[in-house]
Amino acid sequence: MTPRALCNTPTLFAFTAAFAFWAGPSFAAEPILVQSTTSTANSGLYDHLLPQFQEATGLEVRVVAVGTGQAIKNAANCDGDVLLVHAKAAEEAFVASGGGVSRTDLMFNDFVLVGPASDPAGIAGGEDVLAALARIAESGSPFVSRGDDSGTHKKERALWEDAGATPGDEAGAWYREAGSGMGATLNVAVGMDAYTLTDRASWISFGNKAAHRIVVEGDERLFNQYGVILGNPEACPSVNAEGGQAFIDWLLSENGQEAIASFTVAGQQLFFPNAPGHD
Amino acid sequence: MQGFGEILALAFDLVLSGDGDLAEIVWLSLRVSISATLLACLIGLPLGAVLAIARFPGRNAAIVLVNALMGLPPVVVGLLVYLHLSRAGPLGFLGLLYTPTAMIIAQTILIAPIVAALSRQVLEELHAEYAETFRSLALSGRQTLAALLWDGRFALVTVALAGFGRAVAEVGAVMIVGGNIDHATRVMTTAIALETSRGNLALAMALGVILMMLALGVNAAVHSLRLTATRWSHA
């Protein structure tokens, strides 16, 4: 085949046709695109929920799992129909800016501080997370931060501030920002015998715990609320508002809330539904 | 930490179990990366050929530029494509973000410079060798181009394989523009990244082994095609 033959119309047509076939079929009902935090995806919650939702409604849900910060930015770019994240202040700011229709509480769990068995800061077994963080800073024990503007990262920064021990630049030696998702950060923490803050769902379903374990839990400051938001079709005409609303309605319904409660990993419930009217 | 033997066993178990999800992911990986390789060849081979034989002002700068673009970081390509395909971007109306098509576009941008730069090198050497013959036959520019592409076809297949290797192995670009959506845009590399972040290191590694076997299979298939073609042309 000569280069000229490559450019004539029938050949181009054949290439396009072949490409269209190869690139795959299009879908009849528009799938619902969810911009989500990683903990819900990595723990397997969606694998548990979505088949039930699909059976109930026949609708397909597609999940993009990124940190809460990135999920909100993606939704602000109109690249999602539903936002499911865990940083209430940022979520409310997103709704106030017109990016989302309204925010509803969906479920909760809690954060835990995990660390190496050697426990260099001597904080294992405690309940006061602020005291524990202050001890880590004082002793200069290695701590890995998400450093990615995720919901967990926002929480961690707020806790350091409350503890009066906000790591500054000079903390570089013991305070390390991984700049990655929860799982990658846990891998780093395990690898360098460091403490880190994680949501309980990610921790329980994490498969590379090695000798790491929970050192601090149970402080009410470690409460972790997940919220759900429908993208605003006025700001983003591409938003699949009908499908997105159907998904949110189902999540908040008796069936959806029960489905969330019945999800367990290793015999433990990871998320506790608390939609309004379902206490 | 699991031994490598265990990981290999896990990889074989995965393959032999005929897991539907795995087949889907493998098929999408191949579909995306082979499409990107074909498109990159459509763009890169003519570009490489022109850079090899045409003489024009700024040619050296163009060659340096194309060579430098071989080092494009996948994550930067991913961001670039994301910014264009996002609903907020100039091509957002196409609704291509988070589709295999977006992944093909990103990988094509990633590897077209590799195909162009390497084919330029191959064809320039070939051209230097045949320049006298071409002149004596009084071939036109287009005929020269066609003759070079044909004579260099075996080396160019290796060039295409280099592009395919880069495409099928990258994770940065497809993660951003594909979104690693289960049953929609999850490919081998994003699945490996996901299992790593779940702390399932043995499973992640087993998927890596399967990806390597896949690359091996594609290369072996191309190589045997080439052997058959060589035998055929000598028969």
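## About the model

This is a predicted model, in which local features need pLDDT of at least 70 and side-chain atom pairs count only at pLDDT 80 or more, while totals for chains, interfaces and linings use all residues. Residues are numbered from 1 along each chain as its sequence is written, and chains are lettered from A, with ligands numbered from 1, in the order in which they are written.

## Chain B

Let's start with chain B, which holds ten helices and zero strands. Here helices (H or I, at least four residues) and strands (E, at least two) are DSSP runs, numbered from the N terminus. The C-alpha trace of chain B spans about 65 × 50 × 30 Å along its principal axes.

Chain B has 235 residues, and 42% of them count as buried. A residue is buried if 20 or more other C-beta atoms lie within 10 Å of its own, exposed if 12 or fewer, and partly exposed in between, with C-beta atoms placed from the backbone. Take the contacts in chain B between residues at least 6 apart in sequence: 78% join residues at least 24 apart. Two residues are in contact if their C-beta atoms, placed from the backbone, lie within 7 Å.

## The largest core

The largest nonpolar core has 136 residues, and B:V81, B:A106, B:V115 and B:V177 have the most contacts inside it. Such a core is a set of buried Ala, Val, Leu, Ile, Met, Phe, Trp, Tyr and Cys residues joined through C-beta atoms within 7 Å. Helix α5 (residues 100–137) of chain B gives the largest share of this core, 16 residues. Domain 1 (29–109 + 224–273) and domain 2 (110–222) of chain A both give residues to this core, so it lies between them. These domain bounds come from an automatic or database domain assignment.

## Where the chains and domains meet

Between the chains, 24 residues of chain B are in contact with 25 residues of chain A. On the chain B side, α2 (20–53), α5, α6 (141–151) and α9 (188–197) each supply at least two residues.

Within chain A, the C-alpha centres of domain 1 and domain 2 lie 26 Å apart. Their contact takes 20 residues from domain 1 of chain A and 17 residues from domain 2 of chain A.
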